[in-house]
Amino acid sequence: MWYHKPVINEELLQSLPNLKIVASSGVGIDHLDLNLLSSYGVKVSNTPFVVSTDTADLGMALMLASSRRLVEGYQMAVSPDTDYFPADWLGAEVSGATLGIVGMGTIGYKVAERAKAFEMKILYHNRNQRNKEEESAVGAIYCKKIDDLLQQSDFVLVSVNLTPQTQKLIGKRELALMKPTTTLINISRGLVVDQDALVEALQNKVIKAAALDVTYPEPLPRDHPLLKLKNVIITPHIGSATKKTRRLMMENMTESIQAGLTGLPIPNEV
């Protein structure tokens, strides 16, 4: 499966009686009915680890681009209407700011490693607290309650798997807890954020800005209000989109398929 295609439903499974394994690209498996696949005796694999470095890089890129207003700056620099650069055109500091990471899995932890180099104060919320050695290595502080993280952070970066529990994890209540100077960064899945609540929060200056690699749907309808807001950066779900990583993803999938067909242990079996 690439880009969640083909759709794995009962009709397809019935038409493929000899199917042994579904190898899905990327980390998320929210597009798969694991119980249905299991009932047909079909194994499932994904490619969770090879995407983490590039996705963490993109998370930092979105944070920097949003805080320093790179898209707006580029538009100003190339506009035929620009006669001068205003001296009061300012961005926000990343170095020394507080970053709250929601979801400290492999990707979230790699973001923390990068943020440490920017001398950021790092808070994180996760289902399970990391061990003291891992926390100390990046200087991360665990917030058992997500509310504590939201209230303190200058940047809130979301990096969680999409599950029924995380759908609309960031909604109107959570956005209201953030500071009016906060930027929300989402590198997980679009449905993790309540998009209608986000539009309202951005329009009413409840939060300062948003930088999103994911939305729902993808792409957004061309008349969607998120596309009209200057305090929003949207990229086309490119967290893992480098030549090297996409090749490694395909190699991982091929290895899982070969193992599944020969009865060997399947790498990255879900």
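**A helix and its surroundings**

Guide: Helix H10 consists of 20 residues and spans 29 Å from its first C-alpha to its last, close to the 28 Å expected at 1.5 Å a residue. The expected span of a helix is 1.5 Å times one less than its number of residues. Helices (H or I, at least four residues) and strands (E, at least two) are DSSP runs, numbered from the N terminus. The model is predicted, and local features need pLDDT of at least 70, side-chain atom pairs count only at pLDDT 80 or more, while totals for chains, interfaces and linings use all residues. Residues are numbered from 1 along each chain as its sequence is written, and side-chain values use heavy atoms, with hydrogens and water left out.

Thr245, Met249, Asn252, Met253, Ser256, Ala259 and Gly260 of H10 are buried. Seen down the axis of H10, these buried residues fall within an arc of 130°, so they line one face of the helix. The arc is that of the directions from the helix axis to the C-beta atoms. An α-helix has 3.6 residues a turn, so residues three or four places apart point the same way. Lys243, Lys244, Arg247, Leu261 and Thr262, on the other side of H10, are exposed. Here buried means under 20% relative accessible area, exposed means over 50%, and partly exposed lies in between (1.4 Å probe, protein chains only).

What do the buried residues of H10 pack against? Their partners are strand E1 (21-23), strand E2 (43-45) and helix H3 (52-67). H3 has 16 residues and reaches 23 Å between its first and last C-alpha atoms, close to the 22 Å expected at 1.5 Å a residue. Of the 16 residues of H3, 12 are buried, so this helix is largely enclosed by the rest of the structure. Among those buried residues are Asp54, Thr55, Leu58 and Met63.

With a relative accessible area of 7%, Gly239 is buried. Leaving aside neighbours within four places in sequence, Gly239 is in contact (heavy atoms within 4.5 Å) with Asp54, Thr55, Leu58 and Asp213.

Just after H10, Gly263 takes a positive phi of about 80°. Asn268, in the segment after H10, has a phi near 60°, a positive value in a residue other than glycine. Asn268 is partly exposed, with a relative accessible area of 23%. Just after H3, Arg69 takes a positive phi of about 55°. Arg69 is placed in the loop between H3 and helix H4 (70-78), and its relative accessible area of 25% makes it partly exposed.

A nonpolar core is a set of buried Ala, Val, Leu, Ile, Met, Phe, Trp, Tyr and Cys residues joined through side-chain atoms within 4.5 Å. The largest nonpolar core has 28 residues, and those with the most contacts inside it are Leu175, Leu184, Leu198 and Leu226. Helix H7 (146-152), strand E6 (155-158), helix H9 (195-203) and strand E8 (209-212) each supply at least two residues of this core. H9 provides the largest share of the core, five residues. Apart from it lies another core, of 27 residues, among them Ala65, Leu99, Ala140 and Phe155. Not counting residues up to four places away in sequence, Leu226 touches several residues, including Leu198, Leu212, Val232 and Ile234.

Two cis peptide bonds may be noted as well. One joins Lys5 and Pro6, with omega about 0°, and Pro6 lies in the segment before helix H1 (10-15). Another runs from Glu218 to Pro219, with omega near -5°, and Pro219 lies in the loop between E8 and E9.

The UniProt annotation "domain: D-isomer specific 2-hydroxyacid dehydrogenase catalytic", from an unreviewed entry, covers residues 3-270. UniProt positions are given in the numbering used here, feature names are shortened, and annotations may be inferred rather than shown by experiment. The end C-alpha atoms of residues 3-270 lie 18 Å apart, and this span is 37% helix and 13% strand.
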